Amino acid sequence: MKKILIILIILLLLGGGGGAAYFFLFMGDNADTPPAPEELPPPPPPVFLDGMEGLTIPVIRNGQVVKFVLINVAVELTEEQYVPLAQSYIPKLQDQFLRSTHAYFAGMPIEKPVNVRAIANRLKKIAMETLGTKVVKDVFVEGIFERKGS
């Protein structure tokens, strides 16, 4: 009985010592741990090109307007300093957007739903070609509406 009691006490001491060593060496406050990262400042607000009008694209089949597609587009610029440059290119940019979307809808079936991602990628490519890759950050399609033609 004494031997069992002595073995239990030795096991408790070893277990307690092992737990304490684990806590202080691995879980405790070590000098090796890196400091908590500092909070990063919030990103600057996005810069959008003002003055862009919505695009109205007539979808023509057999010489008749079957429907109109109305697209609202927002062009995000990389920096505020590019706003005057981009505003001077608005007429050319809108013309390029209209040409591209008209060509897109000319080849699409009438019943097929509009692929917003394909149109946004198309318009982004055009904006980057027209204004430059350093100027345009992204192009967003804010809304697409379809209306039956007359």
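**Strand pairing, a helix contact and a cavity**

Biologist: Which residue of β3 is the bridge partner of Leu55?

Modeller: Ile71 in β3 is the bridge partner of Leu55. Keep in mind that this is a predicted model.

Biologist: What makes β2 and β3 a pair?

Modeller: Two strands pair if DSSP finds at least two bridges between them. β2 and β3 have seven bridges, in the antiparallel sense, so they count as a pair. Pro58 is part of this too, with Phe68 of β3 as its bridge partner.

Biologist: What happens in the hairpin of β2 and β3?

Modeller: Two residues lie between the strands, and Asn62 takes a positive phi near 55°.

Biologist: How do you know that β1, residues 47-48, pairs with β3?

Modeller: The cut-off is at least two bridges. β1 and β3 pair over two bridges, in the antiparallel sense. Phe48 stands opposite Glu76 in β3.

Biologist: On to the helices. How do α3 and α4 pack?

Modeller: Helix α3 covers residues 90-106 and helix α4 covers residues 116-131. Their axes are 10 Å apart, at an angle of about 145°. The crossing of α3 past α4 is right-handed.

Biologist: Which residues make the contact?

Modeller: From α3 come Lys92, Leu93, Gln96, Phe97, Ser100, Thr101, Tyr104 and Phe105. From α4 come Ala118, Ile119, Arg122, Leu123, Ile126, Ala127, Thr130 and Leu131. They divide into 10 nonpolar, four polar and two charged.

Biologist: How many cavities of 30 Å³ or more does a search of the whole structure find?

Modeller: The search finds one. About 80 Å³ of space lies in the largest cavity.

Biologist: What lines the largest cavity?

Modeller: The lining includes Val59, Arg61, Lys67, Tyr104, Phe105, Met108 and Lys112. β2 (55-61) and α3 each supply at least two residues of the lining.

Terms used:
Residues numbered from 1 in each chain as written. Predicted model: local features only at pLDDT ≥ 70, side-chain atom pairs only at ≥ 80, totals over all residues. Heavy atoms only, no water. Axes fitted to C-alpha atoms, helices over the stretch in contact; angles between N-to-C directions. Helix = DSSP H or I, 4+ residues; strand = E, 2+ residues; numbered from the N terminus. Left-handed = near helix turned anticlockwise from the far one by under 90°. Contact = heavy atoms within 4.5 Å. Nonpolar A, V, L, I, M, F, W, Y, C, P; charged D, E, K, R; others polar. 1 Å grid on protein atoms, 1.4 Å probe; cavity = no way out; pocket = protein on both sides within 12 Å on 5 of 7 lines; lining within 4 Å. Points joined across faces, edges and corners; volume = space filled by probe spheres on them.
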